[in-house]
Amino acid sequence: MSYNGRAYDGWQSQPSGRTVQDQLELALTRFSGQSETINTLCAGRTDAGVHGLMQVVHFDTALERPENAWVRGTNSFLPDDIAVQWSRQVPHSFHAR
């Protein structure tokens with residue numbers, strides 16, 4: 001994913017809810033239609049106001065959707081300054097770090 005971090009309190013979830021992770025998890029959960037929050041893990045973190053380019057993130061879900069649907073569907077619930085670039089199903093042993 002990529003994002004303009006100007007409006008956010010960094011990557012990692014914070015009580016303010018104004019982080020890239022909070023926005024992504026909200027969008028993924030809304031797109032999935034599930035009641036439980038989809039939690040994400042990231043390859044790294046950024047501080048407040050810092051941008052991210054092609055940051056690797058992963059999450060676990062039993063929900064099956066086409067890879068391009070995860071991109072389009074999640075992006076439809078994200079603010080304009082955050083975008084999922086691509087999506088791939090990976091083995092259970094994969095970790096973004």
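Does L78 count as buried or exposed, and at what relative accessibility? In this predicted model, L78 has a relative accessibility of 8%, which is under the 20% limit, and therefore counts as buried. The position of L78 is in the loop that runs between α2 and β4 (82-83). Apart from neighbours within four places in sequence, the residues in contact with L78 are Q23, L24, A27, A83 and V84. Between the C-alpha atoms of L78 and Q34 the separation is 17 Å, and these two residues are 44 residues apart along the chain.

Two helices and four strands are present, and their order along the sequence is β-α-β-β-α-β. For 97 residues, a compact globule would have a radius of gyration near 13 Å; the value for the chain is 13 Å, so the two agree. The C-alpha trace spans about 35 × 25 × 20 Å along its principal axes. Among contacts with a separation of 6 or more, 55% are accounted for by residues 24 or more positions apart.

Of the 97 residues, 37% count as buried. The largest nonpolar core contains 17 residues, and those with the most contacts inside this core are M1, Y3, W11, V20, L24, L78 and I82. Two or more residues of the core are given by each of α1 (20-32) and α2 (67-75). The largest share, five residues, comes from α1. L24 is, like L78, listed among the core residues with the most contacts. Not counting residues up to four places away in sequence, L24 touches M1, W11, T40, V57, T74, L78 and V84.

One of the residues touched by L24 is T74, which belongs to the buried residues of α2.

The charged side chains comprise 8 positive and 10 negative ones. The centres of these two sets lie 4 Å apart.

Definitions and conventions
Residues are numbered from 1 along each chain as its sequence is written. This is a predicted model: local features need pLDDT of at least 70, side-chain atom pairs count only at pLDDT 80 or more; totals for chains, interfaces and linings use all residues. Side-chain values use heavy atoms; hydrogens and water are left out. A nonpolar core is a set of buried Ala, Val, Leu, Ile, Met, Phe, Trp, Tyr and Cys residues joined through side-chain atoms within 4.5 Å. Buried means under 20% relative accessible area, exposed over 50%, partly exposed in between (1.4 Å probe, protein chains only). Contact means heavy atoms within 4.5 Å. The radius of gyration is taken over C-alpha atoms; the globule rule is 2.2 Å times the number of residues to the power 0.38. Lys and Arg count as positive and Asp and Glu as negative; His and the chain ends are not counted. The place of a charge is taken as NZ of Lys, CZ of Arg, CG of Asp or CD of Glu.
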